[in-house]
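Please keep the sequence and the structure in view while reading.

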Amino acid sequence: MIEVDDLHKAFGKVQAVAGVSFAARDGEITGLLGPNGAGKTTTLRMLYTLMTPDRGSVRVDGIDAATDANAVRRRLGVLPDARGLYKRLSARENIEYFARLQGLDAATTRTRCDALIAALEMADIAERRSEGFSQGQRVKTAIARALVHDPRNIILDEPTNGLDVMATRAMRRFLLQLREEGRCVLFSSHIMQEVAALCDRIVVIAKGRVVAAGTADDLRAQTGEANLEEAFVRIIGSDEGLAA
Ligand SMILES: Nc1ncnc2c1ncn2[C@@H]1O[C@H](COP(=O)(O)OP(=O)(O)OP(=O)(O)O)[C@@H](O)[C@H]1O
């Protein structure tokens, strides 16, 4: 469970996040949807304790990020916007390295690595050095690395960015599997169709504020639009983010 209350963050004169509140529940996929520059990445960075909010609070499984950031980090698996792999290491070694950082013993590391390599269908690249990996291969490795310590809460910043149709479908299946396992899954996207296809709940963010939140049906009802695409256009006041 991730709870965010009244988050604010400014960079000089740019108010990137200006009062964002929402909750992402266990066993659900929550989508943070908004056009480019809406404040999604900045919100997520505050959630996973990379940035300190100017104001507001973040709680993960009831733990306040401001008072116990380490406990919050242990409960989170994060796919950040910068995927940054160690290019001299193989995919498996990248994952194992994170397992060691998380304090996992050798046997658990082996079991978790094998399970993630199978679940993400990356057996063919597991022993290859990650230098030269395609975008999809990099994302898979970064996700496996993020999940190696079996976190209950998973945050993914634009997980399908740069992926082809097949890889996007595989990613969706994987996120649904995480939901089936009862985890709390929160991801950001600027593509409405992406969010509509996957999410139990949608938090629409524009200009650093939450402008609507609820299920796809709620958003349609709130705007009086039968079509979610029209609802989204009405909510954010433009057709940005409707890339197919
Ligand atoms: N480190 C930074 N320094 C200065 N400005 C920043 C910084 N990070 C974000 N911003 C600004 O804050 C605003 C929100 O950016 P953010 O990256 O959070 O948006 P986003 O919704 O993730 O957008 P996108 O979909 O394009 O990734 C933008 O105007 C951006 O230029």
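## Pairing and the predicted model

Two strands are said to pair if DSSP finds at least two bridges between them. With this term in hand, one example can be located: Arg59 has Asp64, in strand S5, as its bridge partner. The model examined here is a predicted one.

## Overall form

The chain contains nine helices and ten strands. Its C-alpha atoms occupy a box of roughly 55 × 40 × 35 Å along the principal axes. A compact globule of 244 residues would have a radius of gyration near 18 Å, and the chain agrees with this because its own value is 18 Å.

Of the 244 residues, 43% are buried.

The UniProt record, an unreviewed entry, places the feature "domain: ABC transporter" at residues 2–232. This stretch is 38% helix and 27% strand, and the C-alpha atoms at its ends are 24 Å apart.

## The open antiparallel sheet

Four strands form an open sheet in the order S2-S1-S4-S5, and their pairing is antiparallel. Strand S2 (14–24) and strand S5 (63–64) are the edge strands, each of which pairs on one side only. As a general point, strands of a sheet pair through backbone hydrogen bonds, either parallel or antiparallel.

The pairs may be followed in turn across the sheet. Strand S1 (residues 2–11) is joined to S2 by eight bridges, and the two run antiparallel; within this pair, Val4 has Phe22 of S2 as its bridge partner. On to the next pair, S1 and S4 are antiparallel over five bridges, and Asp5 is partnered by Ser57 in S4. The pair of S4 and S5 has two bridges, again in the antiparallel sense. S4 and S5 form a hairpin with two residues between the strands, where Asp61 takes a positive phi near 50°.

Helix H1 (residues 40–47) lies across S1, S2 and strand S4 (55–60), and runs at about 120° to S1.

## The surroundings of the ligand

Which residues are around the ligand? They are Phe11, Val14, Ala16, Gly34, Asn36, Gly37, Ala38, Gly39, Lys40, Thr41, Thr42 and His190. The elements that give two or more residues to this shell are S2 and H1. Helix H1 provides the largest share, with three residues. H1 is also the helix that lies across S1, S2 and S4.

## A strand covered on both faces

In a regular strand, the side chains alternate between the two faces of the sheet. Strand S6 (residues 76–79) has both of its faces covered.

S6 runs parallel to strand S7 (residues 153–157), and four bridges join the two strands. In this pairing, Leu76 stands opposite Asn153 of S7.

Is Glu194 buried or exposed? A residue is buried if 20 or more other C-beta atoms lie within 10 Å of its own. Glu194 has 23 C-beta neighbours inside 10 Å and therefore counts as buried.

Glu194 belongs to helix H7 (residues 192–198). Leaving aside residues up to four places away in sequence, Glu194 touches Thr160 and Ser189. Between Glu194 and Leu228 there are 34 positions in sequence and 12 Å in space, taken from C-alpha to C-alpha.

## Two loop residues with positive phi

Asp150 lies in the loop between helix H5 (135–147) and S7. Its phi is near 60°, a positive value in a residue other than glycine. Asp150 counts as partly exposed because it has 14 C-beta neighbours inside 10 Å.

Lys207 is found in the loop between strand S9 (201–206) and strand S10 (209–214). Phi of Lys207 is near 50°, a positive value in a residue that is not glycine. With 16 other C-beta atoms within 10 Å, Lys207 is partly exposed.

Technical notes. Residues numbered from 1 in each chain as written. Predicted model: local features only at pLDDT ≥ 70, side-chain atom pairs only at ≥ 80, totals over all residues. Rg over C-alpha atoms; globule rule 2.2 N^0.38 Å. Buried ≥ 20, exposed ≤ 12 C-beta atoms within 10 Å, placed from the backbone. UniProt positions renumbered as here; feature names shortened; annotations may be inferred. Contact = placed C-beta atoms within 7 Å. Axes fitted to C-alpha atoms, helices over the stretch in contact; angles between N-to-C directions. Near = placed C-beta within 6 Å.
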